[in-house]
Structure formats: C-alpha cells, structure tokens
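Me: I have a structure open and want to go through it piece by piece. Can you help me read it?

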Amino acid sequence: MNNSIRIKSNKSNLKVVRDFVTNYLSPYTLTEKELNQIILAVDEITANLIIHANKEDESKYVKLAIFQTGDTFLFELSDNGHSFNQKNYKEPDLKKIISEGGKGGMGVALVKRIMDKVEFTTQGTSNICRLYKKVSYTI
Amino acid sequence: MKITQEIKDKTITISLNGELDASSSVLLDEELSKPEIMLFNKVLVDCEHLNYISSAGLGVFISHLQRFEDAQIKLIFFNMQEKVKNVFEILGLDLLMTIVSTYDEAMTVSNE
C-alpha cells in the first residue's frame with residue numbers, strides 16, 4: 001500500500017489527509033476511538049504546517065509518510081515552509097483561553113496527549129514532525 | 001459541514017452535520033458570531049451527525065463561551081458521538097462545558 005501523500009497547503013486538503021490515514025489504517029482492527037485519535041493528531045500537525053509554516057501558500061506542500069515497526073506506527077510530516085518553533089510550546093490554560101475568548105493553542109496539547117512520542121526537527125527549510133503511536137491490533 | 005438551525009421560544013438548536021476541522025470551523029464561527037444569537041437563553045448544539053472535531057472546532061466553541069456566559073446564555077451539547085466526546089475529554093473540556101445525552105435533557109438544563 002502507498003505509505004505517503006503530498007498535499008498543497010490548502011486547509012481543504014486536511015480532509016484528504018484524514019482520508020489517507022483512515023484508508024492506511026483500515027486493515028488494522030483499531031477501536032473507533034483509537035483510530036479517531038490518531039487521525040486527529042495527524043490532522044492537527046498538518047493544519048499547523050499548512051497554516052503556520054507554509055502560510056497557506058499553495059505552491060508549498062506538506063508531506064505525510066507512514067511507517068510501521070512492530071506494533072508502533074510512525075507518522076512523519078514535513079513541509080518546506082518557515083521554521084516553526086515548537087520550543088515555544090506551552091501547555092494551554094483552558095480557563096484562561098475561555099475567559100479571554102481565545103481560540104488557539106490546543107492542537108499540540110491534543111497531539112502530545114494522544115501520541116506516545118512527538119519529535120520536532122528542522123532540516124534546512126523543512127520542518128519535520130514525527131509522531132509515534134504504539135497500538136494493539138489484529139489484522 | 002452543514003449547519004442547520006431550529007428556533008423554539010428562547011432556545012436555538014444548531015445541528016452540525018459533517019466534520020469540524022481547521023477549514024470548516026470558519027462556518028461555525030460565523031454562525032455563532034451572528035448578533036441575533038444573543039437573543040436566546042439557550043444555544044443547543046445537536047452533535048448527532050458531527051463525525052469529527054479538531055482543536056479548531058473546539059476553539060470556536062471556547063471562543064464564544066465567555067461571551068455567552070456573560071449574557072447568561074447556556075451553551076449545551078447533546079447527542080454527541082463517543083469518539084467526538086473523547087476529544088473534549090482529552091483536554092478536560094467536558095468538565096468546563098455542558099454535554100448531555102439527549103435533547104430532552106438539554107431542554108431541562110437550567111440557566112443557572
């Protein structure tokens with residue numbers, strides 16, 4: 001099965017990425033909740049790369065490749081946009097966000113809570129995010 | 001994402017059909033930003049056909065929560081699928097928002 005996909009940096013392609021992950025994982029008997037969490041984590045990072053790194057510039061791409069080693073899946077996302085500094089990440093204070101009428105800052109928190117390991121690296125002008133998730137499944 | 005509304009007295013029910021992500025959440029934000037929404041006592045959100053929500057979708061609800069609270073408008077979610085509710089739970093938002101099982105339950109939640 002094809003393990004990678006490349007999309008233009010348009011938010012409408014988030015659905016394309018979610019469908020790709022859904023199809024890739026379809027042979028595995030994950031629970032609906034597990035599958036949704038994995039799709040969500042990949043979607044959050046893809047949205048960040050489209051919006052913050054590539055600034056929704058459709059001449060720029062986001063690439064997703066999925067690898068599997070034993071019971072661990074690796075989702076590797078990369079872009080060719082501006083370096084996106086994840087070191088500035090802070091755990092969101094929900095009550096503060098609510099009282100200020102804010103919207104953002106929860107995506108990476110979701111990803112960190114869902115995935116077993118999250119790595120952000122930069123290579124040249126490319127941001128690479130690796131998401132590791134261990135699952136128990138049967139084929 | 002398809003959004004439909006039904007009005008009954010001082011209650012507006014917004015039904016969401018589809019997936020709420022960084023792309024489609026803009027539509028919901030427009031809907032909740034309409035001035036006429038402030039005329040209601042309750043904003044009920046029917047999530048029966050909401051198949052997916054990302055942080056962008058959650059963010060839209062969060063961004064209106066304080067404004068609604070200040071105006072004593074109660075925001076209540078009902079008919080939520082387990083996998084969608086799970087996303088609220090991962091962040092602990094289920095404790096800060098009102099999520100009930102059915103429409104009838106949503107109607108009996110007081111505005112206190």
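Predicted model: local features only at pLDDT ≥ 70, side-chain atom pairs only at ≥ 80, totals over all residues.

Me: Why is chain B called as compact as a globular protein of its length?

Reply: Its radius of gyration is 13 Å, and the globule rule gives 13 Å for 112 residues, so chain B is as compact as a globular protein of that length. The C-alpha trace spans about 30 × 25 × 25 Å along the principal axes of chain B.

Me: What share of its residues is buried?

Reply: In chain B, 35% of the 112 residues count as buried.

Me: And what part of the contacts comes from residues 24 or more positions apart?

Reply: For chain B that part is 70%, counting contacts with a separation of 6 or more.

Me: New topic: chain A. At what angle do α2 and α4 pack there?

Reply: Helix α2 (residues 32-53) and helix α4 (residues 107-114) of chain A pack at about 140°, and their axes are 9 Å apart. The crossing of α2(A) with α4(A) is left-handed.

Me: Which residues make the contact?

Reply: From α2(A) they are Q37(A), L40(A), A41(A), E44(A), I45(A), A47(A) and N48(A). From α4(A) they are G107(A), V108(A), L110(A), V111(A) and I114(A).

Me: How many of those are nonpolar, polar or charged?

Reply: The contact of α2(A) with α4(A) has eight nonpolar residues, three polar and one charged.

Methods:
Residues numbered from 1 in each chain as written. Chains lettered and ligands numbered in written order. Rg over C-alpha atoms; globule rule 2.2 N^0.38 Å. Buried ≥ 20, exposed ≤ 12 C-beta atoms within 10 Å, placed from the backbone. Contact = placed C-beta atoms within 7 Å. Axes fitted to C-alpha atoms, helices over the stretch in contact; angles between N-to-C directions. Helix = DSSP H or I, 4+ residues; strand = E, 2+ residues; numbered from the N terminus. Left-handed = near helix turned anticlockwise from the far one by under 90°. Nonpolar A, V, L, I, M, F, W, Y, C, P; charged D, E, K, R; others polar.
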